[in-house]
Amino acid sequence: MTLRRTLTLTTHADAARADREANWAKTPQERLAEVEFLRAQRYPGGVAPRMMRVIEFMQGGPER
């Protein structure tokens, strides 16, 4: 048995276009399933950390 490999050279623009076309060929359900898969890999516990909102008040007005 012989193993053959093919190497295809493309530009970044061609690769990006091919990725976009492949993604848009998927159904919305397939795209959502892919997002959920990636989220489960990143956050195995199932809960993503929340962003903190911080507001700082400064005394005085703007410097001129």
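The protein chain has a radius of gyration of 23 Å, whereas a compact globule of 64 residues would have one near 11 Å. The radius of gyration here is taken over C-alpha atoms, and the globule rule is 2.2 Å times the number of residues to the power 0.38. Along the principal axes, the C-alpha atoms of the protein chain fill a box of roughly 80 × 40 × 25 Å.

Keep in mind that this is a predicted model, in which local features need pLDDT of at least 70 and side-chain atom pairs count only at pLDDT 80 or more, while totals for chains, interfaces and linings use all residues. Residues are numbered from 1 along each chain as its sequence is written, and side-chain values use heavy atoms, with hydrogens and water left out.

Now look for the secondary structure: the protein chain has two helices and zero strands. Helix 1 covers residues 12-24, and A22 lies in it.

How much of the protein chain is buried? Of its 64 residues, 0% count as buried. Buried means under 20% relative accessible area, exposed means over 50%, and partly exposed is in between (1.4 Å probe, protein chains only). A22 counts as partly exposed because its relative accessibility is 42%.

Next come the charges. Side chains of opposite charge can pair when their charged atoms come close. A salt bridge is counted when a side-chain nitrogen of Lys or Arg is within 4 Å of a carboxyl oxygen of Asp or Glu, and the count comes to three.

R17 is partly exposed at 39% relative accessibility, and D14 is partly exposed at 33%.

Helix 2 (residues 28-42) holds R39 and E36, again three residues apart and so separated by about one helical turn. Their salt bridge has its closest N and O atoms 3.5 Å apart. R39 is partly exposed at 44%, as is E36 at 40%.

K26 and E34 also form a salt bridge, at 2.5 Å from N to O. Here K26 is partly exposed at 25%, and E34 is partly exposed at 36%.

Terms used
Helices (H or I, at least four residues) and strands (E, at least two) are DSSP runs, numbered from the N terminus.
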